[in-house]
Amino acid sequence: MGIALGIDLGTTNSCAAVATPTGVEFILGQRAERVHPSVVAFPSSGGVVVGQDAKRFRLTEPQHVIHSAKRFIGQNIRAPLVQLALTGIRYKVTEGPNQQPIVVVRDRRMTMPEISSHVLLHLKRCGERQLGESVGDAVVTVPANFTDAQRQATKEAGRLAGLNVMRLINEPTAAALAYGFGRNQDQLICVFDFGGGTFDVSILRINGEIFEVLASDGDYFLGGDDLDRALAEVLAAECNRNLGFDPRQHPVLMMKLMMGAEAIKCHLSENDAAEGEIDGIDLPNGTTGSLPFALTRKQFEDLIAGYVNRTIEVTKQVLMQAKLQPKDISDILCVGGSTRIPTVRQRLADTFRREPNIKINPDEVVAQGAAIQAGSLSGSIIAGTGMGTRDAVMTEAHSPLFFGGAAPPKGPLARPVLLDVNPSTLSIQTAGGFSERILDKNSPIPIERTRVFTTARDNQTRVEIACCRGESRRFAENEPLGALLLEGLQPKARGDLQVEVCFRVDADGILHVKAADAASGAQQEARMQVFGAPTGEGGA
Amino acid sequence: MSSSRAEVLLWAQRVIARKAGPAHALLELRENCTPEQAQEAFHKIARTAHPDLHRSNGLTPEEIEMVTSAYAVVAGAYMTLRSQTAQTTRMKALSKDEPVPSAPSRPTPVPGPSGRTPPAGVPTAPAESTGILTGEGQAANPTQNMSQKALNYFRKAESALKRGDLKSGLLQIKLAIAADPSSTFLRNAMAEVDAELRKGS
């Protein structure tokens, strides 16, 4: 049996780690970097380049460099938010079967899971080189509010990379696991995960080895990418005014502005003002110009205020869902690169009247939690010996498990139990266009619940069970998930036929629906086939 | 910590045998338990029987599958209890000023008791329609199972809510609940309007 990796597959960066007796060992890249950019390049010179090396091609051939694939994985290309995100990328995406986005590089057509599988394969190979053993299993993290289709597509990416995905776990839960594992305390924490492309908040109760998610919510289309794009738009307008031409039509130039915007954003997290020039702007008259800029932190904060307000609003909602007050929370974990922005931390501190915990590394903590879960699931974390069975060699890759001077555990470590939740209400359509809830938001997973429904008209022989996710009582206002057809029913008066509808959400957060007619024994079972999900045997 | 292989298998068999029974029995609780008791009981089960704890415990894949589905069923029962107890608490809070019948303790809401003719005016799909959203084939509308009296009150509530008069809408819903205390649909509607009112004030 090979080693089980914990992998944080991020929008901008990915990170992988493995549990060892004294802590967690990170998988390093060729330059000993712990964090691997989730970038895949198909350069003209041939081959596939992943990670830090792929980033170099962004300026020379941006149309062959695929980044932020996580924003499109398992998505319907026709969704308005996807269309908006497509304006921010410079590679080509077209519509494929089942309305899924397809990346086109020269004459190659690739699905989003294929792109992500290159990142996973890269991590797998780095891991095998570093550990000297084969890597077979993995725990991969996903944003807590990822949909069924996005989860299925992520699993598919793992399969394509030759990994057995033992479990998909939610990123905030993984962060909480890394933070609370072995502490043996009873406390309520809030995980604020603001990454490159997605945003999640979870409230957890850590009670010894039990990690129970009380409530979770977020936005899978809100992240650092959006902040960069907002800033790049400002720079583009500036360029239009100063140099007299609009760069928005030029992919290379817009990419340059996006990269400039990212650098300015990071600079402003440390400094009060950013001033400089973006060089090498090719003007239409053949000359090369440069774009001067000057931005204060206050100006940047005003620019992104809308996005930050949204994150704080969601945080307050989640607190309400957990029926808690800000003062009940004993620690706030900042996860994801975007939490480095001072105004985000300030707004969090204002909301909770307490400084957020910034001792943890926002880029690495999720992979660390995934590694602990991988070690636990593969049985390599053995109670009483500390952590995994792999020999610990203190290297650069090594990170102690306990943050902020927390005391090392006394006595044997128990296996952690994650009680995660499903992020949205799952319902079926009933007559009159209503939706009838089967599984509520924030129910623990895995979960199974059966409800009995009757037919709406006399002598009905078939029933269509249309499923949706969302909070509205009107079916049409929710997000459709797919439908199941139950046929061959005995003709009976309306209300006499009893149809059992069973929803089961497995530990990966994937929904399975079953419908049965008790009288005739007719039964239908399906995993929802969703728009944007991988088709064919890959989806099964 | 986690229980032995034999213990967990015995537990799973017991749960699956009682699957159709009332929710509180699956968590080995009494009928009128508090939310705290339900949570405590569920945590106790999670500590000993969570399928992740038994992955390397010598169980066959089929046995793991059985433990997983037993655990999933218990999680479903826990959710049923949690929503019921939350509703009971809300009803108690409301009934301080107005008399409202206490929530009945039905294990699982079963929309559509068989045999009852639906009252006139119930929204159902037109007979000739086809397609995904209408079609011959939807499960029944929750309002269909209400008694005629409750439905009358509910219609009044609907028109009051359409006018934007939340207060009298809430009153009408409460009257409807008094006429048909078994309708989960009505109680959910009341909770919604109540939340809306609180938001406004």
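I'll start with a helix contact in chain A. Glu171(A), Ala174(A), Ala175(A), Leu177(A) and Ala178(A) of H6(A) are in contact with Val365(A), Val366(A), Gln368(A), Gly369(A), Ala370(A), Ile372(A) and Gln373(A) of H11(A), where contact means heavy atoms within 4.5 Å. This is a predicted model, in which local features need pLDDT of at least 70 and side-chain atom pairs count only at pLDDT 80 or more, while totals for chains, interfaces and linings use all residues. Residues are numbered from 1 along each chain as its sequence is written, chains are lettered from A and ligands numbered from 1 in the order in which they are written, and side-chain values use heavy atoms, with hydrogens and water left out.

Helices (H or I, at least four residues) and strands (E, at least two) are DSSP runs, numbered from the N terminus. H6 covers residues 171-180 and H11 residues 365-377 of chain A; their axes are 7 Å apart, at an angle of about 80°. Axes are lines fitted to C-alpha atoms, for helices over the stretch in contact, and angles run from 0 to 180 degrees between N-to-C directions. H6(A) and H11(A) are therefore roughly perpendicular, a label for 65 to 115 degrees; under 35 is roughly parallel, over 145 roughly antiparallel, and the rest oblique.

Next, chain B. Helix H1, residues 5-17, spans 18 Å from first to last C-alpha, close to the 18 Å expected, taken as 1.5 Å times one less than the number of residues. Which residues of H1(B) are buried? They are Val8(B), Leu9(B), Trp11(B), Ala12(B) and Val15(B). These cover an arc of only 160° around the axis, so they sit on the same side of H1(B); the arc is that of the directions from the helix axis to the C-beta atoms. On the other side, Ala6(B), Leu10(B) and Ala17(B) are exposed. Buried is under 20% relative accessible area, exposed over 50%, partly exposed in between, with a 1.4 Å probe and protein chains only.

Now strands in chain A. Strand E26, residues 498-505, has 6 of its 8 residues buried, so it is largely enclosed by the rest of the structure. Ile447(A) has Val505(A) as its bridge partner, and Val501(A) stands opposite Ala515(A). The hairpin of E26(A) and E27(A) has 5 residues between the strands, and Gly509(A) there takes a positive phi near 85°.

Last, an open antiparallel sheet of 4 strands in chain A, ordered E22-E21-E24-E25. Its edge strands are E22 and E25, and the twist averages 30° from one strand to the next.

Definitions and conventions: Two strands pair if DSSP finds at least two bridges between them.
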